[in-house]
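Reader: I would like to learn how to read a model like this one. Please take me through it feature by feature.

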Amino acid sequence: MKRWLTPLLLLPLLLAIVPAGDAQPKDTLTVALVSHAPTLDPHMHFERVGILVNINMFDSLLHRNTKLQYEPSLATSWKALNDTTWEFKLRKGVKFHNGDPLTAEDVKFSFERVTEPGKEKKKSPQYGNIRAIKDVRIVDPETIHVVTDKPFPLLLERLVFFPIVPKKHIEKVGDEAFGTTAAVGTGPWKLVEWKRDQYIRLESFDGHWRGKPAFKHLVIRAVPEVATQIAEMKTGGVDLIRNVSADLIPELKSHPQTYVSSTPILRVHYVELDMRQPPFDKKLARQAANLAIDKQAIIQKLMGGLGQQTATVVQPLAFGHDSEVTPFAYDPKKAKELLAQAGFPNGVDITAHSAFVEFRPVFEAVAQMLTDVGLRTNARMWDPGPAWNKFFQTEGKATNAAYGSWGNYSVFDADAVLHPLFHTEPGGWIGKHYTRVEGLDKLIDEARSTVDQPRRKRTYSQIQKLIREEAPAIFLFTQYDTLAISKKVEYAARGDEWLWLFDAKPKK
Amino acid sequence: MTAFVVRRLVRLVVVVIGVSLVTFAILHASGDPVALIMPEAPEADRVVLRATLGLHDPLPIQFARFVRNAATGNFGNSFFHRTPAFALVIERMPTTLLLTALSMALAMAIALPVGIYGAIRRGGAVDQVATGTVFLGQSMPVFWTGIMLILLFSVQWRMLPVSGWDSWASIVLPTLTLSTFTAPLLLRIVRSSMLDVVKLDYVRTARAKGVSEWLVILRHALKNAALPLVTVTGLQFGLLLGGAVITETVFAVPGVGRLIVGAIRQLDFPVVQAGVFMLAMIVVTVNFVVDLLYVYLNPQIRVR
């Protein structure tokens, strides 16, 4: 009896003795992202996880270096000929992964692939980024002119991620294949294989104009669960992960095989206030809300010290930031006084909403601090889906305040945060629901309507002083992003959250 | 017999339609996918997209369209992937089925011998350890078990890869995780129904006839003890598929479960509907097979 049972009992154990997979070869760099974008076609999605992959396979006209300054990429030089025309000189001798040379035709094709002149419906979700572009003209084989319908100061920002794709190749293989099996660019790595939701395997491209990257193989895995990503880091299955939250940093810092790299990023946190109705129709009440928040305590206790309080929503890294505008101090006493002056000596009940699940503790801390000065806050957490519904579809249902964080879609310009948050034009984002600051729309438009940067900077200073005074939101802080990196790899986090892995080197 | 099969088949269809209706209702109550697809877009662009996706029609019309298309295997295009949702689900089905089947097999391989042995040597060492483990196994959530197994086998002992689905080694941990979720229940069922059966007269008679002990257990006792086991196995299969949803996310397994989790996050209605529909189909089919097995195992049932 026992004799036949024993082997059966051992079966599960036997299963477990299969040898584990090989450790990472030295010339391979493995990155884990939470997911893959729906396509490898760099123009047909607008997903951070896709952009991070695309930039290592495709070049744009401009590049941004680690100091976040523009650098030549496929364009060697550029200048504004007038308010609406930009000239770009193209790099010579650049080759696509399939061997075809880069031509001005490819550049024009890439733009028109997204703008689709003459078409009613645009298929690229990036159309909105460059909708100002009216025409792309080939002047000679190395020169193109980009013409916008009105002054478009964000053009260069948008062109830092605007991959140039091969016209002939796409016309041959079609959009579908290009986005899955036949993606071809001019970047440091070329596609080997994509297994959806598993891995994207890339191999270095010998003909890349910058030279060869340090790692021959680049593997981008999709690992949705953070705890699993961390375990992969500790066992060397993965060399790099991003968005490491504050509570996990000590563990990865002290592990013998990993280190962390943190850097301030564009993402700013704020609580948008509903200025259409009491109590936040009163300036003093909005200022009181700002004075009620101990931002330093939130940064230290809840963000692991990785944050910087901001005077407004304009991030220090963004063009137009004015460091002379100072943040609201933490002054609960004065907050109570202002609230009384605003007509609420006994405080007032308000509701605040948030759909930012990962920042729930911050939201709750803010709600408590508001309650402490008499803005008794009913804090409501939402799943992102229903929240969008609530905030934006049924106009004006969500009052009196909405917690938010905004990353500018990596555009290092004040416009990219001021317009969506505070401009009230009908096509706008949340500003149209909440914000009612006299003269603000006009100033935002003004800064948008010229490419004269010093003039824009002056206008943004004016705007920041205005919103610091009018306080259409509770201004909180900008956050950091943290990467965990294998000690075998040398790399540093970038302010634009890009994983530009050409800069990654093996550590000796 | 034919009437029986037909009746069960009708029930099968009703259940699948019911599941689809509930999924449909919950999904549409949960928000506007267009807002998630294009958060920064002006309202005008959204109206266009909503029309393209067929989201502007009244809900009953949307549901009718959904049922009509679903009947032909057409669940529409995924909002996110922009390819047919059904194909996405089918592409991932083998992975999930393999994981579920392996876990069920492993759970059985543990539950049967240990359960039988525990019932025969009631109160013995094996029985006591097994009963204790049952409580432990059942009280651990799959999510937690998975991470603990990763910590032990991958981080601590370096025996197995942490995640992925590209070698047999990477299949071990997800399978183990899922079977620790199912094995305890099966084990308990095997043990208790064996305990009920071994006391019965016909078993004693078989022994008295001089039939060898293991033949008594396997042929006489087990076949009768198997009825509740078969029922529970059928039900467990559904639970396993549910557990696979979490397990696949923890171990980065490219299965249907993970596809659905991602789709729910993105409010990708077609994919959620296609995925839930397929999983419901499988559960219902398994239960149908269980019903048939019943008839084989216990001819008395057929009469009703």
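**Reading the model**

Author: Start with the cavities: there are six of 30 Å³ or more. This is a predicted model, where local features need pLDDT of at least 70, side-chain atom pairs count only at pLDDT 80 or more, and totals for chains, interfaces and linings use all residues. Residues are numbered from 1 along each chain as its sequence is written, chains are lettered from A and ligands numbered from 1 in the order in which they are written, and side-chain values use heavy atoms, with hydrogens and water left out.

Reader: What is a cavity here?

Author: On a 1 Å grid over the protein atoms alone, a cavity is a set of points where a 1.4 Å probe fits but cannot get out. Lining residues have an atom within 4 Å of a point. Grid points are joined across faces, edges and corners, and the volume is the space filled by probe spheres set on them.

Reader: What volume does the largest cavity have, and which residues line the largest cavity?

Author: The largest cavity has a volume of about 70 Å³. Its lining includes Phe58(A), Asp59(A), His63(A), Arg210(A), Trp498(A) and Trp500(A). By class, the lining has seven nonpolar, three polar and two charged residues. Here Ala, Val, Leu, Ile, Met, Phe, Trp, Tyr, Cys and Pro are nonpolar, Asp, Glu, Lys and Arg charged, and the others, Gly among them, polar.

Reader: How should I read strand pairing?

Author: Strands of a sheet pair through backbone hydrogen bonds, either parallel or antiparallel. Helices (H or I, at least four residues) and strands (E, at least two) are DSSP runs, numbered from the N terminus. Two strands pair if DSSP finds at least two bridges between them.

Reader: In what order do the four strands of the open sheet in chain A run?

Author: The order is S4-S5-S7-S6 in chain A, with antiparallel pairing. Six bridges join S6(A) to S7(A), residues 143-148. Across that pair, Ile133(A) stands opposite Thr148(A).

Reader: Which strand is joined to S8(A)?

Author: S9(A), residues 199-204, is joined by six bridges to S8(A), residues 189-195, and the two run antiparallel. Leu191(A) has Leu202(A) as its bridge partner in S9(A). Five bridges then join S9(A) to S10(A), residues 217-222, also running antiparallel. There, Leu202(A) has Leu218(A) as its partner.

Reader: Which backbone values deserve a second look?

Author: Most residues other than glycine have a negative phi, and most peptide bonds are trans. Asp197(A) has a positive phi near 65°. Asp197(A) sits in the hairpin of S8(A) and S9(A), which has three residues between the strands. The peptide bond from Pro278(A) to Pro279(A) is cis, with omega near -5°. Pro279(A) lies in the loop between strand S12 (258-273) and helix H8 (283-291) of chain A.

Reader: How many helices and strands does chain B have?

Author: Chain B has twelve helices and zero strands. Its C-alpha atoms fill a box of roughly 85 × 55 × 30 Å along the principal axes.

Reader: And the aromatic rings?

Author: A pair of aromatic rings is described by the distance of the centres and the angle of the planes. Rings of Phe, Tyr and Trp (its six-membered ring) pair if their centres lie within 6.5 Å; planes under 30 degrees apart count as stacked, over 60 as edge-to-face and the rest as tilted. The count is 13 aromatic pairs over all chains. Ring pairs link a cluster of Phe24(B), Phe63(B), Phe66(B), Phe75(B), Phe86(B) and Phe277(B).

Note on methods. On a 1 Å grid over the protein atoms alone, a cavity is a set of points where a 1.4 Å probe fits but cannot get out, and a pocket is an open set with protein on both sides within 12 Å along at least five of seven lines; lining residues have an atom within 4 Å of a point.
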